[in-house]
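Hi,

Here is the structure I promised to pass on.

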Amino acid sequence: MGSRIKDVYIVHHSHTDIGYTDLQEQIVYNQVNNIRNVVSIIKNGCETGSQEKDFKWNCETYFCVEQFLKSASEVEKADFFELVRKGNIGISATYLNGTDLTDVSMLNRKTSEMQEIFTAHQWPVKVAMNADINGISLGARDVLLNNGVEFLFTNIHTHHGMYPLYQNQTPYFWENEAGKRLLVWSGEHYNLGNALGIVFNKNVNYMTESYFGRGGTDEASGVQQSRKKDCSGADKSVRARQSE
């Protein structure tokens, strides 16, 4: 990384961590409600001409979308797919942030169902994301490739694993035995927002010091204040400062 960060692109989403952040039933309720609120906020922004019309939201996993579609009214479904086509709502091909124990046949079935639904609405899904896990299995990679997914970006959980080839913030092609390739962005640790001060963090960790040097608390705080002045929505770039 160079001596100065110029842009930080924020992927606004709600992390799917079933059984850890809350009970399964509560997580389903929260995730469905998130999507329902996002649709309402953006739709209201379009009707009133307010800045909310440009709001961007990303569904981190297809599981959340699947649960939303089960309970949504026909009007809500129509509004949802319209906002997907307009680019207000992003869709990830990842079914869940799972482990290597995930059955490939089940994962392939769910991913295929997802592609059928979104292709029918003129929006085949090309991108997948995962966060706060050590990585994905070879089988999960092949499921993505076999279902038309071209790009995967990750924010790995480095407490129990590490970046591929110990390199982060870098792209690479992940090729399978058949020669198909998935373009992967090996991102930073999943709590990078805390380290940069985009999200408040009262404790200075090794990532903060890595980006800002010793005394990183003051720098991170400066970024956080800068964000309040410069950023009017989650889809806008955030200017960040870094020590020379």
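Below is what turned up, starting with the core and ending with one aspartate.

This is a predicted model, so local features need pLDDT of at least 70 and side-chain atom pairs count only at pLDDT 80 or more, while totals for chains, interfaces and linings use all residues. Residues are numbered from 1 along each chain as its sequence is written, and side-chain values use heavy atoms, with hydrogens and water left out.

First, the core. A nonpolar core here means a set of buried Ala, Val, Leu, Ile, Met, Phe, Trp, Tyr and Cys residues joined through side-chain atoms within 4.5 Å. Buried is under 20% relative accessible area, exposed is over 50%, and partly exposed is in between (1.4 Å probe, protein chains only). The largest such core has 37 residues, and V65, F80, I89, I91 and F118 have the most contacts inside it. Among the elements that each supply at least two residues are α1 (24-48), α4 (104-120) and β6 (181-186); α2 gives the most, with 6 residues. (Helices, H or I of at least four residues, and strands, E of at least two, are DSSP runs numbered from the N terminus.) Not counting residues up to four places away in sequence, V65 touches I35, C59, F80, I91 and F118, where contact means heavy atoms within 4.5 Å.

Next, α1. Its buried residues are I27, Q31, V32, I35, V38, V39, I42 and G45, and what covers them includes β1, α2, α3 and β2.

How does α1 sit against α3? The two pack at an angle of about 70°, with their axes 10 Å apart. (Axes are lines fitted to C-alpha atoms, for helices over the stretch in contact, and angles run from 0 to 180 degrees between N-to-C directions.) That makes α1 roughly perpendicular to α3, a label used for 65 to 115 degrees. On the α1 side, I35, R36, V39, I42, K43 and C46 meet V75, E76, D79, F80, L83 and K86 in α3.

Last, D17, in the segment before α1. Is D17 buried or exposed? D17 is buried, with a relative accessible area of 18%. Leaving aside neighbours within four places in sequence, D17 is in contact with I27 and D132. The C-alpha atoms of D17 and D132 are separated by 8.6 Å, although the two are 115 residues apart along the chain.

Cheers

Definitions and conventions
Angles under 35 degrees count as roughly parallel, over 145 as roughly antiparallel, 65 to 115 as roughly perpendicular and the rest as oblique.
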